[in-house]
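Please consult the sequence and the model shown below while reading.

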Amino acid sequence: STFAFDLLNALIPSILVFFLFAVFNLEGYRGENLAAIFLLLMFSNWAAIPLTYMFSFLFSNALIAFALMVVFFYFGSLFLQVTIFVLISEEPDDAETLHYIFLLHPTYALAIGLSDMYTNQGVRSACT
C-alpha cells in the first residue's frame, strides 16, 4: 500500500512534466512521442521508488536519507552520463557495456531515453 501511495504521489509531478512537454511542443517530444514520454516518466518512477526503499534501510535519519538520495539520483545520473560521453570516443566497446549496466540507474535511464527520443526524431526528420 505504501508503494501504491508513493506511485500516486509521483504521478502528480509526472503529469506536470508531461504537460510541460506538451505545452512547449518541442520537435522531438510531440505527437506520438508524448505517450512514450509519459510511459518513460512512469517507468522511471516505478524503478526509482523501490530503489529508494532499498537504500532507506541504510539510514537512521530521514532527512539525511532524503538528501543523499537526491544526490544519488541527480549527481549519480550526471556522473554516469559524463562517463559514457568521455568513454565513447576512447573505448566505444567499454562505453556500450557500461551504458547497459548504467541503465539500472533510473534517472540515467530516463535522461538517456529522452535524449534518444530527441535524436531519433532528428534522424527521422533528416531522412524524410
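Helices (H or I, at least four residues) and strands (E, at least two) are DSSP runs, numbered from the N terminus. The model is predicted: local features need pLDDT of at least 70, side-chain atom pairs count only at pLDDT 80 or more, and totals for chains, interfaces and linings use all residues. Residues are numbered from 1 along each chain as its sequence is written, and side-chain values use heavy atoms, with hydrogens and water left out.

**Negative surface patch**

- Glu96 lies in helix H4, and its relative accessibility of 42% is why it counts as partly exposed; buried means under 20% relative accessible area, exposed over 50%, and partly exposed in between (1.4 Å probe, protein chains only).
- Glu96 belongs to a negative surface patch together with Glu90, Glu91, Asp93 and Asp94.
- Patches are made of residues with over 30% relative accessible area and no salt bridge, with like charges joined within 9 Å and nonpolar side chains (Val, Leu, Ile, Met, Phe, Trp, Tyr) within 5 Å.
- A salt bridge is a side-chain nitrogen of Lys or Arg within 4 Å of a carboxyl oxygen of Asp or Glu.
- Lys and Arg count as positive and Asp and Glu as negative, while His and the chain ends are not counted; the place of a charge is NZ of Lys, CZ of Arg, CG of Asp or CD of Glu.
- Helix H4 (residues 92–102) contributes the most to this patch, with 3 residues.

**Nonpolar surface patch**

- Phe66, Val70, Val71, Tyr74, Phe75, Leu78, Val82, Phe85 and Val86 make a nonpolar surface patch of about 940 Å²; accessible areas come from the Shrake-Rupley method with a 1.4 Å probe, and for residues only the protein chains shown count as cover.
- Val70 is located in helix H3 (residues 62–90) and counts as partly exposed because its relative accessibility is 42%.

- Asn45, within helix H2 (residues 33–56), counts as buried because its relative accessibility is 16%.
- Beyond its neighbours within four places in sequence, Asn45 is in contact (heavy atoms within 4.5 Å) with Leu7, Ala10, Ser14 and Pro50.
- Arg124 is placed in helix H5 (residues 106–127) and is partly exposed, with a relative accessible area of 38%.
- Apart from neighbours within four places in sequence, Arg124 is in contact with Glu32 and Asn33.
- Between Arg124 and Tyr74 there are 30 Å in space, C-alpha to C-alpha, and 50 residues in sequence.

**Loop residue**

- Asn25 is found in the loop between helix H1 (2–24) and H2.
- The phi of Asn25 is near 50°, a positive value in a residue other than glycine.
- With a relative accessible area of 40%, Asn25 is partly exposed.
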